[in-house]
Amino acid sequence: MNKQTAQTRLAKLRRQLRRQALDALIVTSPANVTYLTGFLGEDSWLLVGPRTVLVTDSRYIEQAQEECVGGQIHQRTEPMIPAVAGLLNRCKQVAAVGIEDTCTMAQFGAIRKALKNKTLKAVCCPVGPLRQIKDTDEVDQVRRAARAGWTALARALAHLRPGLTEGELAGELESQMRRMGLRPAFDTIVCFGPNGSRNHHQPGSRKLRKADTILIDFGVRRNGYCSDTTRTFAFGRAGDEFARAYEAVRVAQQAAIERIRPGAALKTIDAAAREAIAQRGFEPHGHGTGHGLGLAVHEEPYLAKTAKGRLRVGHLLTVEPGIYIPGRFGIRIEDDVLVTESGHTVLTQDKQFGFSRPELSIL
């Protein structure tokens, strides 16, 4: 992030604070701190008021000095809450203070008690609406993360063999990410056979068998930004039911993606995927059809039955319908999609990577 981008984001946030009659905001969410300053560290809060101050400690001071372009840096030598309250108490221009409502009740109570002659109000994530619309650099980070993910997956699949466990494959995939100087965006999900029906299965000791099904849900974090992709395929010849279910999910995902454009209602995209699966005789997925993606793996907007709102240019979200048959298999296909002025662009293009495993079908 450059200084101009940080200043633009902070200016937008300050306009929101003025509309809420707030003189300052305490930002506690690491992703929001990153969005406003470029700082990628943890356990650091940001004060946005007449000045912008990143409050951190000796563990992160060098990193902050290198990365933070969105404000001044204050190295605390006391616990976070007294340090933050002390800075605010010394600022006479600040009377009304907001804090993100993701803080704990204990934190809220301690800060309110420590503030002198100031009011404290929990506010519903004012940074969230700003983060929904991605700029060109943010899109580029996600695109590059996705490309790195495909490279890591191709290298991990080279180790695929009967007897390999889910945990071993997940570990190899994450190891390949780290060899590229990156890290997983979340704990990699690897499911063999019937474990695929568990949406967020934790890779275990189940070994890969011939004619098994494989579901891999993985993501890469690059400069704070996440990719999130799922592929499902068969190790050997796919059975007829698996092939029919896979085709239903593929068609459902395409139906949903085709409806992605500025102004499209979120719930209609979700409905398109579910209808395509139901029309082919399968029970649609119980989870949402997709979610926003950026500095967090799951963020607004969400594609769900009850979702409100419409897509805007710059929204970046996953599309991930699925079919899950307990005791048999699970199928999910997930891609990252950007809303553009003319419609949409799929960022997770994997065909160019040429997985050279002839025994893998329906990839």
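This is a predicted model: local features need pLDDT of at least 70, side-chain atom pairs count only at pLDDT 80 or more; totals for chains, interfaces and linings use all residues.
Residues are numbered from 1 along each chain as its sequence is written, and side-chain values use heavy atoms, with hydrogens and water left out. Local features need pLDDT of at least 70, side-chain atom pairs count only at pLDDT 80 or more, and totals for chains, interfaces and linings use all residues.

## The largest pocket

Rolling a probe the size of a water molecule over the atoms shows where empty space is left. A pocket is an open set of points on a 1 Å grid over the protein atoms alone, where a 1.4 Å probe fits, with protein on both sides within 12 Å along at least five of seven lines. The largest pocket has a volume of about 420 Å³. Here, volume is the space filled by probe spheres set on the points, and grid points are joined across faces, edges and corners.

The lining holds 16 residues; a lining residue has an atom within 4 Å of a point. Thr34, Leu40, Arg183, Arg221 and Gly224 lie nearest the centre. Helix H2 (30-37), helix H3 (61-67) and strand E10 (220-222) each supply at least two lining residues. H2 gives the largest share, three residues. Helices (H or I, at least four residues) and strands (E, at least two) are DSSP runs, numbered from the N terminus.

By type, the lining has five nonpolar, six polar and five charged residues. Ala, Val, Leu, Ile, Met, Phe, Trp, Tyr, Cys and Pro count as nonpolar; Asp, Glu, Lys and Arg as charged; the others, Gly among them, as polar.

## Salt bridges

The structure holds 18 salt bridges. Each is a side-chain nitrogen of Lys or Arg within 4 Å of a carboxyl oxygen of Asp or Glu. Three of them are listed here.

| Pair | Closest N to O |
|---|---|
| Arg76 and Asp57 | 3.2 Å |
| Glu241 and Arg328 | 2.7 Å |

Arg76 forms a salt bridge with Asp57. This pair links distant parts of the chain, 19 residues apart: Arg76 is in the loop between strand E4 (72-75) and helix H4 (80-89), and Asp57 in the loop between strand E3 (52-56) and H3. Asp57 counts as buried because its relative accessible area is 9%, and Arg76 is buried at 15%. Arg59 is exposed, at 54%. Buried means under 20% relative accessible area, exposed over 50%, partly exposed in between (1.4 Å probe, protein chains only).

Glu241 pairs with Arg328. Glu241 sits in helix H9 (residues 240-258), and Arg328 in the loop between strand E16 (322-325) and strand E17 (329-332), 87 residues apart. Glu241 is partly exposed at 25%, as is Arg328 at 46%.

Shared partners also join Asp43, Asp57, Arg59 and Arg76 into one salt-bridge network.
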